[in-house]
Amino acid sequence: MEKVNVPPDYMTEHVFCRNRLPPRAYFLPAQHLLLSGRWRFHYASSPLEPDPPPHKENAWGLIDVPGHWQLQGYGHPHYTNFDYPFPAHPPYPPSDNPTGLYETDFSIPAHWTIDGGFTYRLRFEGVDSAYHVWVNGKEVGYGQGSRNASEFDITDVVRAGEKQKNTLRVKVYQWSDGSYIEDQDMWWLSGIFRDVSLLAFPKKGHVEDFFVRTQLDEHYKGATLDISCWLQVSVSATITFQLFDATGHKVLKPHSWDLASGASSHNCEIDVPDPSKWTAEHPTLYRLSITLSAEGHTLQKIMQDVGFRKVELKEGLLQVNGRPIMFRGVNRHDHHPRYGRAVPIDFIKHDLLLMKQHNVNAVRTSHYPNHPALVAFANEIGLWVMDEADLECHGMGVDGSQVMSDHLSWQGAYLDRMHQLVGRDKNNPSVIIWSLGNESMYGQNHMAMYQWSKSFDTTRLVHYEGCRPYVCSDICSSMYNGIDDLVNLANVTQGRDSEKPVLIQEYGHAMGNGPGALKEYQETFYKYRRLQGGFIWEWANHGLLKKRDDGSGKSFYAYGGDFGDEPNDKNFVCDGLCTSDHLPGPGLIELKKVYQPITVTMKEDTVLVRNRFDFVSLAGLQYTWTISHFSPSGEEQELVSGTENLDTFSTEAGTEFSIGSFTSHITNFHRTHQETWLKLSFRSQSKLRWAEYGHEIAWAEFRLDNNEKAFRGLPPPSLPPPRISEIGGVLRITTSNLAMAFDPIQAKILTWSYRGIDLISEDAGPKLTFWRAPTDNDKPRAANVWRGWRVHMMTEEVRSVDHHYFEESGSFEIIVKSWLAPKVLAWGFETTTTYTIPSEGKVSIHVHASPQRNTPSILPRVGLEMMLPEDRTSVQWFGLGPGQTYRDMKEAGKIGIWKRDVDEMMVDYDMPQENGNRTETRWVKVTDERGIGMKATLHRPGDAQAVSTQHSRASSADTQSQLSNKSSLESWDMVHRPKEQASGRPGRPGFDFAVSKYTAEDLDQAQHPYELKGSKGVNFRIDDDHHGLGSASCGPDTLEQHQLRMREFDFTVTLEATGV
């Protein structure tokens, strides 16, 4: 009898598999054949379209497996953060449901022979989103759960023999009821995106599945291997376990047990006296062999990595081997810029190696089981893993009553995803936490997942953020908390949740330029006992390579909307520490410094080192130290240096120890008014599994001289009496070497040349500006304030212009009084700008800006901006570098004299925005290839160098006399001033600058880097102050201490010709 009104499998929440074998631990038997490659492919707009005949040529194309069909010319990628790209009406997928029909042929290899024969299976590692499978025209099963594996027994339908062709057909549906619980923040991409394999298991007997647990005694010394095996045995057999160390040497004698015909399980315990323990810091692995034999022949041999470790909730903390651990983690999606989630294994390993090299010790597989190679490689190189189920229904927030998490009809599907996760990855020591999924609200189905997980696996903790109180989580998990909120969580002392650790599953949203304040988060983690760290969101941008539409053949990294996908969430998919091609971005460079497991402080004259590893000592590391002067002429002079091994110190995990005082090393050197710095670098003494010899793990630097008394140079020679004229309303100042034109109407320098060299572009002299192109982290909050107050529309009304020549000091002065205000609104600044020309090749610009009336509370930046000739392509500066730095993202900046091309100063974010700033700068030069150009400095009232930067009636002889009255020893004050202690303004050292071929308006208007047109010239920005970055794209705003608050501004920028 024909079935009536039975919905298809892909729109029924009760049906998430047919004929699928139970999930099992990941291993491939000796007889396995990879079926991936070029398959035949037919694309249809609906599952209801008739299948084409097998040999109709124009109906079939070719496609790569693994791969996504949207990235191979069929359909298009679609990005949403959490919105469903179809009506939210579970369990029904949309009628517009593109369907891919895959076909390939295979044969059983001739060398696959064994007495008694084999059973055969097909294994699919990942198919999005649901699929039916046929072999030789017979349906063998149905699978669902895109990031979970499925195995189907095909023994009864396969044709054995190398010359026998078998045809495999797979029909994949883009949408299914499963799509409602796969609503993760990523691209919607479809198809067979992980490997497909043919597997053969001996019929006489084989191990179906096994679970290896390592139990440690109360002292965390002695161990027991607790092994459970599930088998199919049709004859009397023997199972043997043997343990080997990493070099292949036997650790224990073989342990064997006889099995009767028909046996289905075997459990045993094997004592292992004091094995080396596995941790992410010292990932000691053993190899366990499981051998099944019968009638004198080996039927099956499985090799499994084993790490001896114990995970427990103890004293309110997550502990491993009896010690609490600190998570320095990241969230990671499977992503490749060309292949989407069909990620090559080498690319996965590249990700994990980068993590280790940047002091990351933990990864959350957000929000699904990543490729199985990830946990295997994490076992090897040492990473803590929070392994997450393929589950999210965030988009159902549009109708809370329909959330699947609390509907019993969906419980089987929820549990299945937990069974799949645990079943595949249960034997990996790196996995210490199971996670029930992400952003799926809370319901009884989560509790069912939690209870099953705790009953099946007592060796790990279970995590879920979405329940309050944390009834189905062993961890108090939260995300995107501000610092104050973290402190409140840490201080909870009542209720059951107070007996659990606090772990931040997502923070530091790394979208675009940012995140800021990572240092403050880490300091908070260290300060409060219950805080055990967290996971940055996220590892890498998800940009996909797409050809430009301009016919150039060039590609760019596309985000939501670039494929005509509607609705979309634009570049919210580009929110990673790494670029879309998974190279380190500024966020990852900053994170490495913040996460470094060694912190260094200086107390009085003593350098103290704290080992922040949880298990290992610092033996095996060495540190190098240097003490250097930085001269006003732009040279670094190394005074003394040394290298010492840390093996000679007591450096156990958690200890703080002194490596001595370095002040004695500089007493024999001539002391000057130069900046003097102590720099320390901690490096490996041997090649590591994840880094080469000499890899830098941590560094620190301390300033040793007195900032206020650092030598700034002598005043320049005075200006010869200039010729002053007014032609066409333009003020012209000339000497034998100087030619300057000043427009009193626009109140700016039009031209300025020295010895025939143009120092600025025509009609583009320095002007006071406040705008920056909003960053992704500005846009939700700060940029709305700025645009609301029209900071991007500031105009200048010139009130008066006066000029004078001072014969006694030999300087020329122009004083401009203005009203600087936005269009439409009534607030603004009363400004006085004083241009002082103390010599032919120099100009000092003193700015005093006083805010008036009702003003915005914060500003983007404040400083002078100008355009330089386009041949000024080289930048050199003394300050923090070499990469970009901001007031709340500068920990990775090292003090030095740096040199870069203008193009290298920019960070090419997938969405153009403010970038390339450098902070704590002493001086900067922007020159052509010959070194000819301009040098800039910035000073504020009270700076020691004011005598040479603001116009002064004192003669140069008087100034020289004042300087000579103090010997170098008398002016030497030994201070210890790590950069970390400098915060806030006024008082924050140096100034900010940026050099770019693009203006803020260019960056603000472009949607992709290739759309940036730029202008003829180089934009040069010198800032008195600059607003921080924060992480408000999804998280807290810029911390108050890093905001540029409205106030009165008073600073002087000195510009001078250099190299002429």
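Reader: In what order do the three strands of the open sheet come, and is the pairing parallel or antiparallel?

Author: The order is 23-24-25, and the pairing is antiparallel. Before we dig in: this is a predicted model, where local features need pLDDT of at least 70, side-chain atom pairs count only at pLDDT 80 or more, and totals for chains, interfaces and linings use all residues. Numbering starts from 1 along each chain as its sequence is written, and side-chain values use heavy atoms, leaving out hydrogens and water.

Strand 23 (311-314) and strand 25 (323-324) are the edges, each pairing on one side only. Strand 23 joins strand 24 (residues 317-320) through four antiparallel bridges; pairing takes at least two DSSP bridges. Strands here are DSSP E runs of at least two residues, while helices are H or I runs of at least four, numbered from the N terminus.

For a helical counterpart, take helix 3 (residues 411-425) and helix 4 (residues 444-456): they pack at about 35°, axes 9 Å apart (axes are fitted to C-alpha atoms over the stretch in contact, angles running from 0 to 180 degrees between N-to-C directions). Helix 3 passes helix 4 in a right-handed crossing, meaning the near helix is turned clockwise from the far one by less than a right angle. The contact residues split into eight nonpolar, six polar and no charged.

Note on methods:
Ala, Val, Leu, Ile, Met, Phe, Trp, Tyr, Cys and Pro count as nonpolar, Asp, Glu, Lys and Arg as charged, and the others, Gly among them, as polar.
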